[in-house]
Amino acid sequence: MPEDDTQPSGSGPSPELEPKLQCRNLWKVYGAQPESWFRDPKALNDPAALASRMREKNLIPAAVDVNFDVAQGEIFVIMGLSGSGKSTVLRCLSRLVEPTFGEVLLDGEDLLRKSARELIEIRRHKMGMVFQNFGLMPHLNVIENVTFPLTLQGMPEKERRKRVENVISLVGLEGREDSYPHQLSGGQQQRVGIARSLAVEPELWLLDEPFSALDPMIRRQMQDEFLHIQSTLKKSIIFITHDFLEALRIADRIMLMRDGMVVQIGRPVDLITNPADSYVAEFTRDVPLVRVMTAADALAPGATQQPSAGQPEVAATATLEDLLPQLAGRYDALAVRKGDRIIGQVTPESLIDALAKRTAAHGAAMDEDGSETAKDSA
Amino acid sequence: MKGIRQLASGGPAWGALIAATLVLLVLREAAPWMIRFPEGWTVPLTPWLNSGMNWVISVFGTYFQAFSDLLSVLMRWIRDGINSLPWAVIVSLVVFVAYVVSGWRLAIFSFAAMFYMVLIGFWTEAMNSLALVALSVPLAVVIGFFTGTLGFANDRADRIIRPTMDMMQTIPAFAYLLPILLLFGFGPVVGLIASLLYAVPPMVRNTTLGLRNVDAEIIEAGRMAGATNSQLFWRVRVPSAMRQILLGVNQTTMAAFSMVIIASIIGGTADIGWEVLKSIRRALFGESLLLGLVIALMAMVMDRLTAQIAARDTSGPEGLVGGARPRTLWLSALVLAVAVAALAQVLPFLREYPAAWEFYPADQLNAGIEYVVTEFAATINYIKQVAFFFVMLPVKVGFEQTITPFSWGFAFTDTLKTGYGVLVLALAALSWWRGSWRRAALVMFFGIMLFVGISGMPWPTLIAMATLLAYQTGGRRLALGMAAGLGFLLLAGVWEEAMLSLYLCGLAVLICLLVGGALGILAAESDAVSVALRPFNDALQTMPLFVILIPFVMIFKIGEFTALLAIIAYAIVPSIRYTEHGIRSVSKEVIEAATASGCTPWQLLWRVKLPLAAPVILLGLNQTIMYAIAMLVIAALVGTSDLGQRVYIGLGDGDFGVGIVAGVGMAIIAMLADRMTQAMGGDRM
C-alpha cells in the first residue's frame, strides 16, 4: 500500500506528538441501506473489491476506506479530480455529511459517536471551515458575517466585537466592516469567509477549495496571505484543492484521491519523484522538478562532511532552482547545511544526476501503468 | 404494445380519426347525438352537489358561521380603525413608506395616486377595500409561510400541497365565491375568505421555492458555525430565502387585492369594487372610468411598494434612503402620523376633505365618450362586424352557417362548398407530398372545423383526437388525464359551454400569440420599443381583472367581441414578455457564430433566434392560456355564453351545483392546457 511506505518522514512534523486528527477506515456510501454492507467484518479486508460490488448494485461509494492522520500544526492537502471524493471526505470530518462507516478521532475522541448537541459545541469551538463559493450570508454585512458563529453562541455584542477585530485585521478587511457580500470582490468575499472561520479560534481548520473561484493573480496573493496567517496561528489544516501547484506551495503533505480511494499520501516531492502509479505521475507531470526537489535530494555520493574553505553553504530545504545560478560556473560544489550540521554537498553532476533519475522514475511509472491499461482494454 | 405505439405516433391514426370525423359529419342528420351530447346521458351532478352542500351546511354551518363572525369582528376593527384616521395621516404614511423603500419618484407617485381618491370623493370606499386587503394579506402570508415551510420540510406533504395550490388558483374565483357565501353568510367576510383562498398559493409556492433554493454552501456554513436546527432555519435559511419570500408577499398582496375587487360582485361591501361594478352595470362609463382608475392606482401603489421591499432586501439596509436603522424609521413614522393627526385637528380639511373641493368629472367624461362613440359609430360598427362575421362566427359555428348574403354578401352554394372542400384537400395533399403528415392532419382538421364550427364538431372524434395528441406529446398519463377530463365535461352536461369557452379562449390565445409574438420580437430587437411597452405591460398585469373590461365596454358595448378584446388585452402580456425574454436570452456567441456564417437578419431571426427561444416562448404560451382562462370568467360579465357564464349564473341564482360544475370544468380545461404545453416544452428543452 502506497500510503504505508510514505508516512511522514524527513521534513514532516515531529511524529512523537499525538495526531490532531485521525481518520480510520472512513466510508461514505450513497444509495439504499448502505450500512448492511459493513456487517461482515471480512468484507473490509479488500475495500476495492467491496466498493466495486457496491457499484454493481447501483450504490455510490464516495469515500472508500480512507485512512490518514493530520499532525498538530500540519497543512494536509487533499487532492483529486472532481468526483474523486475529496469534498465528501472533508465533510465527513465535520459530519456535514454523515459517514457510513469508520472513525474520525479529533484529539483522540471519536466524532462519529458524538450527540447532535455535542457536535454543535465542537463546531462552535474547535472547527472552522472555508467554502469554495464563500457561503456568506447575503443578508449580513462583513462584521455580522464574521461574528455570526459567535452570535449563534449567544456571546454579548461587546465581546464579539473585541474578538473579531483581530481576525478582521488579520485578513486585511479593515474599512469594509459595513459592506455587504454583494458589494465585495471575490477575493474580499473569501477574506470574509476566512475571517469567519477563524473567529471561533478553531483548532482544526478545514478549507474546501478556498481559492478555486478566484482569478489566478488574486489566488496567488491569497495563498501567500494564507501561509502568512498560518505562520502565526499554527492551526491544524485540511485543505482541498485540485491545483497541484497550489498544493505544492502550501502542503506539508498531500493525499491524492481517485474514485473515493486514497492513491498516495506523502510530501509533495514524494509524489513527484516517487509516484505510486500513472495517475499520480499524470497529476504531477507538469511540475518543474527544480522547484520541488531540494538540496537534500541531490547530494553528491560520498562527499566530504566538512566544507572546504570558502565553499558557500546552502540550506537543505533550498530548492534546486535556487542552487542553479550558483552552480552555473561560479562554484563547483555547495555545502548543504541541515540545522547545525553539514550533511553533504551538491555538485553540478549530482544535481543533474538527481534530476535525471527522478525524471526516469516518473516516466517508468507512467509507462508501467500505460501497459496495464493496454492489457485491460485488450 | 409496440404496434399500438407505432400506430399512434404515425399519420395513420390521424388519418383514421379525420376520416371518422367526416363520416360522422355526413351522418349527423341521422344521428344528432354525435354533435350534441344527449341530456339524458348526462350524470345529474348538479343536484347531487347541491344536496351534498346542504348536508355540509346543516351539519357544520354553525362552526363556519362562528368563524365568519370572528373574522367579521376583526374586520370591523380594522375598517373602523382606518376610517377613524384622518385621510391625511394615511396618505402621509403611505408616502413616507414609499420614500423610505424607494425614493422621491415613488413617493410622488403614491401621493398623486392617494390624493386622487380623496379628490374624486371615494376615499371611504377605497379604504374599505384596503381594510379587507390589510386583514387578508397578513393572514395569507402567515398561513402561506407555514404551509410552504411544511412543503419544504416534508416531501409527502409537498405532494399534497402542490396540486391543492394548483386547484385553488385555477378554479375561477367566481366559482368559489358561492360555496363561501353559502357557508359563511353574506357580507364583506366572503370577500375576505375568497381573497385569502386566492392569495395563499403564491405565498406557499414562493416560500417552498425560496427555502429550497438556498445555496447548499450557505447552509453548510451555518452548520459549521454551530447553528442548532432552529437557528439554522430562522437565522440562516429564512433570511437567505427572504428575497423569494418577499416576492411571494408581493404576489399575495396583488392576488388578495384583485380577489377583494372581484368578490365585491356579491355586493353589500360598500367598497370600491362594488362602486365600479354598479356603474358598469348602469352603463355609466365616465363613473366606471374614474372609479376603475382608483382600483388601478391602488393596485399600482401596492405593487410598487411590495416589489420595492422585495428588491431592496438583498442589498441590505443601505438600500433604504438615508441608510437609517429600522427602529429610527418606525419612530419617524409614528412621529409623522401623530404630527399630521394633530395638524388635522387644527385644519379640518385634512380630516374630512370638503365636498365642495371634490372634482368628479364623470358627466363631462360621459359626454366625451358619447361624442366619440356617436362620431365614430360607423367605424366602430365596421370593426365589430368584420371581426364578428369573418373571424369569430366561422370559428364558432362554421362557414356553413356564417356565410349568408346578409353577412358575406353571397350565399354559400353547393359549388362553393365543393370548391372549399377541394381547396382544403389540395392543401393537405401538398403538405403530405412535402413530407409532413402532421401539417396535412392540421390542415384537414382546421378545414373541417372552420366549415362546421367548433360547436359543430362531433364529440367522439374530438375527444379521440385530443387524447391522441396528449398521448403523443405527454405519454400515457397525459392521455388518460385528457380522456378523463373531457369525459367529465361531457357527462356533466357542459360540453357545449366548454366548446364555447374553447372558442373564445383559443381565438384569443391565437391572436395573442401572433400580435404578442410580433411585439415581443420588436421589443427584443429594439430597446426603444421595449421601454415603450413596459409600462403598458406592467399596468395590464397589476390591474384587477375587471377594470380591463371598462374601456372595451365603453366603446364596443356588451357582447362577445368585447369579451374577446378584454381577454386579449390581459393575456397578451405574457406573450410579449416571454417572446422578448426568450429572444434576448439567446446566447451572444451563437448569434455571432450565425452572423459570421453569413445569416441575413431575417434568417437570423427565423433560423436561429426563434428556434432557440422556443422553449421560453412556449412557456409564454402556457401563461397566455392560463391568463386567458382566468379572464374568461370575468368576461362573462359582458355577455358570453360559455362556462364562465355558467359560473356567473350559478353565483347569481345561488345554485351551488351549477357554479361549481362549470368552475371545475374551467379548471380542467386550464390544467389540461397547462400540462399539454408543459409536455411540449419538455420535448424541446
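**Note on chains A and B**

1. A:Ala281 lies in helix α11 (residues 278-284) of chain A. Here helices (H or I, at least four residues) and strands (E, at least two) are DSSP runs, numbered from the N terminus. This is a predicted model, in which local features need pLDDT of at least 70 and side-chain atom pairs count only at pLDDT 80 or more, whereas totals for chains, interfaces and linings use all residues. Residues are numbered from 1 along each chain as its sequence is written, while chains are lettered from A and ligands numbered from 1 in the order in which they are written.

2. A:Ala281 is buried, since 23 other C-beta atoms lie within 10 Å. A residue is buried if 20 or more other C-beta atoms lie within 10 Å of its own, exposed if 12 or fewer, and partly exposed in between, with C-beta atoms placed from the backbone. Although A:Ala281 and A:Leu271 stand 10 residues apart along the chain, their C-alpha atoms are separated by 7.6 Å.

3. Chain A as a whole contains 14 helices and 13 strands. Of its 378 residues, 44% are buried. Among contacts in chain A with a separation of 6 or more, 70% join residues 24 or more positions apart; two residues are in contact if their C-beta atoms, placed from the backbone, lie within 7 Å.

4. Between the chains, 18 residues of chain B are in contact with 20 residues of chain A. On the chain B side, α10 (216-224) and α11 (229-240) each supply at least two residues, and α10(B) provides the largest share, 6 residues. That side divides into 8 nonpolar, 7 polar and 3 charged residues. In this count Ala, Val, Leu, Ile, Met, Phe, Trp, Tyr, Cys and Pro are nonpolar, Asp, Glu, Lys and Arg are charged, and the others, Gly among them, are polar.

5. Chain B is divided into domain 1 (62-368) and domain 2 (495-684), with bounds from an automatic or database domain assignment. The centres of the two domains of chain B, taken over C-alpha atoms, are separated by 26 Å. Contacts link 28 residues of domain 1 of chain B to 24 residues of domain 2 of chain B.

6. On the side of domain 1 of chain B that touches domain 2 of chain B, the elements giving two or more residues are α7 (155-170), α8, α12 (242-263) and α14 (285-313) of chain B. Of these, α14(B) gives the most, with 9 residues. The residues of this side comprise 22 nonpolar, 4 polar and 2 charged.

7. Just after α8(B), B:Gly185 adopts a positive phi of about 85 degrees.

8. How do α3(B) and α8(B) lie relative to each other? The axes of helix α3 (residues 45-84) of chain B and helix α8 (residues 173-184) of chain B come within 7 Å and cross at roughly 75 degrees. The two helices, α3(B) and α8(B), are therefore roughly perpendicular to each other. B:Met53, B:Ile57, B:Phe64 and B:Ser68 in α3(B) meet B:Pro179, B:Leu182, B:Leu183 and B:Phe184 in α8(B). The residues of this contact divide into 7 nonpolar, 1 polar and no charged. Axes are lines fitted to C-alpha atoms, for helices over the stretch in contact, and angles run from 0 to 180 degrees between N-to-C directions. Angles under 35 degrees count as roughly parallel, over 145 as roughly antiparallel, 65 to 115 as roughly perpendicular and the rest as oblique.
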